[in-house]
Amino acid sequence: MDIRVESVDESARKEPLTADFGFGNKFSNHMFMQEYTPEKGWHDARIVPYAPFEMDPATAVLHYAQEIFEGTKAYRRADGKINLFRPWENAKRFNNSARRMAMQIVDEEEHLEAIIKLVEMESAWVPEAAGSALYIRPTLIATDLSLAVYSSNTYLHYIIVGPVGAYFAQGFAPVPVYISDKYRRAVRGGVGDAKTGGNYAASLFVGAGAKAKGYSQVLWLDAIEGKYIEEVGAMNIAFVYEGKRIVTPPLTGSILPGITRDSILTLGRDLGYEVKETAVNVHEMLADIKSGKITEVFGCGTAAVIAPVGKFGFKDEEFIINDYKVGPVTQQVYDELTGIQTGRIADRFGWIHTIE
Ligand SMILES: Cc1ncc(COP(=O)(O)O)c(C=O)c1O
């Protein structure tokens with residue numbers, strides 16, 4: 001792909017941040033963009049100074065939320081090089097989300113090329129601190145100017161990047177999770193397996209209710225029977241039974257197929273655990289925490305990588321897991337995964353693309 005580059009001029013250039021990244025509100029100097037029209041196809045691929053868009057108030061995405069996005073990270077290695085973690089899987093999921101939302105797909109190879117070129121240009125923004133990374137946010141939005149409800153004919157594809165620290169302010173430490181008895185995130189046949197903004201908008205009210213009760217995340221149950229566990233916050237979830245079996249719910253259509261989840265299925269087997277994708281009934285799960293059969297629980301996703309769950313709240317009861325401590329399996333999976341991501345541990349699965 002021919003990517004035109006227009007660099008930010010020296011007077012406007014921001015120096016890369018080296019600390020206080022927060023999560024998701026600091027961005028580098030440049031961004032990638034290209035447009036789609038039926039006449040020209042994808043065109044005018046370019047990396048330009050990071051800047052606001054001007055948008056007509058009637059732009060389709062602002063009304064009916066025809067939009068999708070991705071989230072992946074570039075990690076700084078000890079030798080100074082940069083690792084991308086399975087970015088081709090994000091590219092594939094980007095197009096799967098686009099198809100589900102009736103949007104124009106992108107060329108996956110060209111999308112990856114754009115990410116690599118942008119990260120190369122912004123390499124000084126890939127932070128070194130433990131737990132930090134350069135977050136990469138590809139986005140696709142519908143740009144027809146119309147209030148009629150239909151699938152847009154025109155699209156904008158853009159990619160922004162920015163340094164991020166730990167997703168949770170307290171870092172790698174157990175979080176309290178509230179089990180939503182009443183509200184559901186997604187239903188089979190809906191769009192739960194697409195990374196589309198509306199799923200997240202719909203979760204905010206429930207998240208705020210959980211926060212008001214002192215919990216940091218919501219555990220989502222299936223929308224049909226209200227008893228099978230699906231996801232935790234914007235992460236997939238895994239349960240450890242008796243310290244030796246790792247169980248995660250199967251991909252039924254309402255769960256986002258997480259790349260971290262998929263990596264843990266492979267890594268867990270490689271580390272000698274019995275790994276299973278099995279429906280987990282919430283009542284049995286809580287009984288198994290009480291009896292001690294479930295020894296650890298963790299969420300997994302790109303943002304936090306691994307988030308140990310310290311307790312569940314359900315109705316008026318609390319269920320403490322592993323004395324509210326990070327368990328050995330959670331710690332091992334976290335160390336292995338972050339080790340491979342940052343190049344501390346050899347990439348035995350072919351997951352890494354290194355930028356020299
Ligand atoms: C709803 C939801 N579930 C799960 C995940 C985990 O997916 P991944 O591991 O690919 O980041 C994400 C994204 O981070 C998500 O938004």
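Trainee: How do helix 5 and helix 7 lie to each other, roughly perpendicular or roughly parallel?
Mentor: Bearing in mind that this is a predicted model, the axes of helix 5 (residues 259–270) and helix 7 (residues 328–342) come within 11 Å and cross at roughly 110°. Angles of 65 to 115 degrees count as roughly perpendicular, and therefore helix 5 and helix 7 are roughly perpendicular to each other.
Trainee: Which residues meet there?
Mentor: From helix 5 there are S263, I264, L267 and G268, and they meet V333, E336 and L337 of helix 7. Sorted by class, the residues of this contact are 4 nonpolar, 2 polar and 1 charged.
Trainee: Switching to the ligand, which residues come nearest?
Mentor: There are 13 residues around the ligand, and of these G258, I259, T260, G301 and T302 come nearest.
Trainee: Okay, zooming out, how is the chain divided?
Mentor: The protein chain is divided into domain 1, covering 4–164, and domain 2, covering 175–341, and the centres of the two, taken over C-alpha atoms, are separated by 28 Å. Their contact takes 18 residues from domain 1 and 11 residues from domain 2.
Trainee: Which element gives the most on the domain 1 side?
Mentor: That is helix 2, which gives 5 residues to the side of domain 1 that touches domain 2; by class, this side has 7 charged, 6 nonpolar and 5 polar residues.

Conventions:
Residues numbered from 1 in each chain as written. Predicted model: local features only at pLDDT ≥ 70, side-chain atom pairs only at ≥ 80, totals over all residues. Axes fitted to C-alpha atoms, helices over the stretch in contact; angles between N-to-C directions. Helix = DSSP H or I, 4+ residues; strand = E, 2+ residues; numbered from the N terminus. Parallel < 35°, antiparallel > 145°, perpendicular 65-115°, else oblique. Contact = placed C-beta atoms within 7 Å. Nonpolar A, V, L, I, M, F, W, Y, C, P; charged D, E, K, R; others polar. Near = placed C-beta within 6 Å. Domains from an automatic or database assignment.
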